[in-house]
Number of protein chains: 2
Amino acid sequence: MKVTVLSGGVGGARFLSGLVPLADVTVVGNVGDDVDVLGLHVSPDLDSILYTLAGLADEERGWGRAGETWNALGTVSELGGEDWFRLGDLDLGLHLVRTEALRSGETLSSVTTRFARALGLDATLLPATDDRLRTWIATAAGEFAFQEWFVARSHKDDVDGLRYEGAEAARPAPGVLEALAEAELIVFAPSNPYVSIHPILAVEPIRAAVEARTVPAIAVSPLIGGRAVKGPADRMLRRLAGGTAPLQVTECYKGLIDALVLDEADSPSGLDVRPIVTRTLMVDDDARRRLAETVLDAAGAPA
Amino acid sequence: MKVTVLSGGVGGARFLSGLVPLADVTVVGNVGDDVDVLGLHVSPDLDSILYTLAGLADEERGWGRAGETWNALGTVSELGGEDWFRLGDLDLGLHLVRTEALRSGETLSSVTTRFARALGLDATLLPATDDRLRTWIATAAGEFAFQEWFVARSHKDDVDGLRYEGAEAARPAPGVLEALAEAELIVFAPSNPYVSIHPILAVEPIRAAVEARTVPAIAVSPLIGGRAVKGPADRMLRRLAGGTAPLQVTECYKGLIDALVLDEADSPSGLDVRPIVTRTLMVDDDARRRLAETVLDAAGAPA
């Protein structure tokens, strides 16, 4: 079954690791939280997916690579360089190769495809766009680039609004619209709607393709019992959508989904899409596989 | 005593580590072997000096930092990136900070000064020039950029000639001419004349300042018993100067030195500068100190 998944980083990556063995998956990844650090182009969400699907992720820490070391960053700190963004040595190698490739004119999608192949991924991984698209966060303390808000300021400022810089002019990366057109199922991964999925949908032709879909689109809620497993999704939903129930998640995806996978701990009341209730916490490989099976089942496919 | 030393990498750095505790040292470092790797500006000679004087060098391997790891480069190889130049993780941190600084408009000499301060150096370290200057090696197989010949081709090709690209237009870095004017002694470190010292002297105002000196200039021969301790200096001297005796070393420095420090294993015959015979192999800290004392003594300073 051909499945196209819109995904952010860690949560989405874990979901994908359960889905990829069961389906023919194309991932459309968020690039709104890409950042330039030490002259390097870093794509945290694409990399989380790459590392997780390649079995290289540090599952305990929840980001970056297993067996990571931090020697380069130690030198950077020693020399007074830019050390607020945690770049490990193993990780740095990827950023160096990607940055060189981009500088020499290769597109992000082309580099990403090469990396996915080199790391043996069984899925197709595409950035939403090869063009520059950056998420900005409006707060009482001012507007911040996503990583400045998220990492440097530890996402402590309440979010009053978001802006996806460059989205209007951004074109879908090659293969994205084709993957949506050919999909038998479209899935929104259990990612933060505002900072992971919306930046993808901010690329207008992608949103239009999802709106015009002829196949089911299913979102997996990132909340369990109204709380985010990790990160600021619950605080953002409470403030920007007025609550952290499944209803508020679906309101983020108005007209774009037909069903919502939600946890047993949450209430489907008020939903105008089909609720699919299950256990969504991805505690281990089995749980990831079962969640993926539930999504595929819901789409009418044999699991 | 104010001493200004023209120096290449490893051999020069070792000599400097003996000299710096005994004198007020300014180092004018070679940048002809600088190289752009993975989008990073690498200055191997300046870095060898930095690491050695900061006590961070890997003395056994003979280059790079002690306790180095190679994780970033492992990823680079895995992803099909440019991995011919051995960049360790600790080392990479420095290249990242320097490259960012250069890209934002800081000069190489300014960055180098910051690094020397951050690493606690007791000497002033300056690149010969802030302008681009690159050593090219002419061989029967074609002309190669220095590091391509030295590292990628393991300096196996015989050298028919050298070219210092950019030297004509290069201006001495701020502080270099002042250091030469204020020096009470000028020293040519035991470095390869062709690829370490000549690229410095190829900056015309530097050569002119040494020629016009009113204080002694002493070179330390990099050869022992007509052989290089490390590297291709002996092969180059044999081919380009017709021999590997002290005479051939002084011919590389015609009009620029008043004395040559040579090893007991070599003959001073035919020299038209004052020979200073001693043991020059820098086997340990004591040997480095003694060699430095010999040089200072020869200049008429109390050791």
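1. In chain A, strand 6 (residues 134-139) and strand 7 run antiparallel and are joined by 4 bridges. Strands here are DSSP runs of E with at least two residues, helices are runs of H or I with at least four residues, and both are numbered from the N terminus. Two strands count as paired if DSSP finds at least two bridges between them. Within this pair, A:T139 sits opposite A:G142 of strand 7.

2. A word on the source: this is a predicted model, where local features need pLDDT of at least 70 and side-chain atom pairs count only at pLDDT 80 or more, while totals for chains, interfaces and linings use all residues. Residues are numbered from 1 along each chain as its sequence is written, and chains are lettered from A and ligands numbered from 1 in the order in which they are written.

3. The chain A sheet is open, with 3 strands in the order 7-6-8 and antiparallel pairing. Strand 7 (142-145) and strand 8 (161-165) each have a single partner strand, so one side of each has no neighbour in the sheet.

4. Over in chain B, please look at B:L38, which has a positive phi of about 55° without being a glycine. B:L38 belongs to the loop between strand 3 (35-37) and strand 4 (40-42). B:L38 counts as buried (20 or more other C-beta atoms within 10 Å of its own, with C-beta atoms placed from the backbone) because it has 24 such neighbours.

5. B:H155, also not a glycine, has a positive phi near 35°. B:H155 lies in the loop between helix 6 (146-152) and strand 8 (161-165) of chain B.

Terms used: Buried ≥ 20, exposed ≤ 12 C-beta atoms within 10 Å, placed from the backbone.
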